[in-house]
Amino acid sequence: MKKMTAMLMVASLTAAALCSCGQKTEKETPAGAETSKETQKAEEKKDGQEVTLKVYDSMAYGVEAYDEVIKKFEENHPGVKVEIQHAANDSNTLLQSRFNSGDIPDVFLNEPGAGAQLYYEYSYDWSKDTETLGKFKEDALDLTKTEDGAIYGLPWTYETMALIYNKDVFDKAGITTLPNSVEELGEICKKLQDSGVKPLAIAGKEKWALGQMATHFIMDKSLDAAGTVKALKSGEKSFKDLPHWDNFFKLLDLVKEYDGDKAIETGWEPAENAVATGEAAMLHMGDWAQANFTKMGPDTKLAFLPVPVGSSEADNTILSSVGWVFQVYKDSPNLDLAKEYCEYVLCSEEGAKWMTEGVDAVPASTTSDLQPSGDLPQDAQKYIKAGKTNGWIHTICDTTYSDTVGPLIQGYILGEYTKEEVTQGFEDYFKNLQ
């Protein structure tokens, strides 16, 4: 299937290249070549025609602030119009369809790892742009660095995920100690329900949210994320060897007990809103949602609750990585403009305001002293600095991960699949990874 997809994409790109021969486009500049500002300004607007820079992203948060950054970029580049497509849902499928149809964006976002790797052969290699790369933290750049030193994407912000809880709701229910096992989490859920609050608001409608939640229980800390995936792919380990996998079903049983079938009907926005307003106490999500929480409940006090996957605090997991990388289409007719756009969005002061104030996240760039003010990103930094985080598993897997395992988890919550059937589905998925 992957080979067939690749063939389709190559065929589409060839057709697109042939069709573009008669089109009027911005003069292409060889990769790495220097273009003066005067020359670039002249190329941005020819014969009174506007140059369109196509950008495809997966933004669901901070979109309004992002639009302001785009306006600033356009103001600084007369004759340039940024045509942006926000695709928060089914982003992988929609991006692939654009490549297959030949409508290839100049700039596009992917999750680092398997998602970004699918497009490495079409992406600009930044490895010789040392001045630009010097504006980013090395650990963030490493996420798209290949063995031969190529760098096919620029990192956006750090993102951390675990259970998130409303501190005021916990206080009102008399909960002063965080749980270190699923059994203790169950006791907390009962206290919360007795206090008149819904314990869990899991975004069960979202396959990606369920898939991410499962990775806490897949993680073998002795191997970290990459090592765990490698062991499962090779068959060196099976799911029965994972130290905490069985406890995932205990967590899902709590979801069934306190939310039932309604969990499958709840999307990410309603789940976040329930916690922000105090209707519910907890959900699984990341600090990328901070801006949304702030909008829904400005006075809500939030914190991370490391997922209690085992029987002690040392087993608890909180997962952190760079969430997205900006990739540039290497054959873009607007290559220099696309590169400048990425650098502006990620490294300018306006971009820093968007990331720290609009999204309330920690930028991967080093060009600004601005820091997020929200509870969640600040809490995340506490765990990161203490060395208590692990990497992301789902981004190392291929882009079918959520679509494959999400329905299995939904089926278990609905009583359609047994624990054994779901486990076998996960086992088969990892063994079939290429």
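**Ground rules.** I number residues from 1 along each chain as its sequence is written. In this predicted model, local features need pLDDT of at least 70 and side-chain atom pairs count only at pLDDT 80 or more, while totals for chains, interfaces and linings use all residues; side-chain values use heavy atoms, with hydrogens and water left out.

**Entry 1: salt bridges.** I started with opposite charges. Side chains of opposite charge can pair when their charged atoms come close. I counted a salt bridge when a side-chain nitrogen of Lys or Arg is within 4 Å of a carboxyl oxygen of Asp or Glu. My search of the whole structure gave 15 salt bridges.

I looked up lysine 339 next. Its partner is aspartate 129, with the closest N and O atoms 3.1 Å apart. Lysine 339 sits in helix H15 (residues 335-347), and aspartate 129 sits in the loop between helix H5 (114-117) and helix H6 (130-133), so the pair ties together parts 210 residues apart in sequence. My helices (H or I, at least four residues) and strands (E, at least two) are DSSP runs, numbered from the N terminus. Are lysine 339 and aspartate 129 buried or exposed? Both are buried. Buried means under 20% relative accessible area, exposed over 50%, and partly exposed in between (1.4 Å probe, protein chains only).

Then I checked lysine 198. Lysine 198 bridges to aspartate 259, again by a salt bridge, with the closest N and O atoms 3.1 Å apart. Lysine 198 is in strand E7 (residues 198-200), while aspartate 259 is in the loop between helix H12 (245-258) and helix H13 (268-276), 61 residues apart. Lysine 198 is partly exposed at 25%, and aspartate 259 is buried at 9%.

Lysine 382 is partly exposed at 48%, but aspartate 379 is buried at 12%. I also noted that salt bridges with shared partners join Lys54, Arg98 and Asp103 into one network.

**Entry 2: cysteines.** How many disulfides does the whole structure hold? I found zero. I was looking for pairs of cysteine sulfur atoms within 2.5 Å. Cysteine 189 is buried, with a relative accessible area of 0%. Cysteine 397 is buried too, at 1%.

**Entry 3: one glutamate.** I ended on glutamate 357, in helix H16 (residues 349-358). Glutamate 357 is exposed, with a relative accessible area of 56%.
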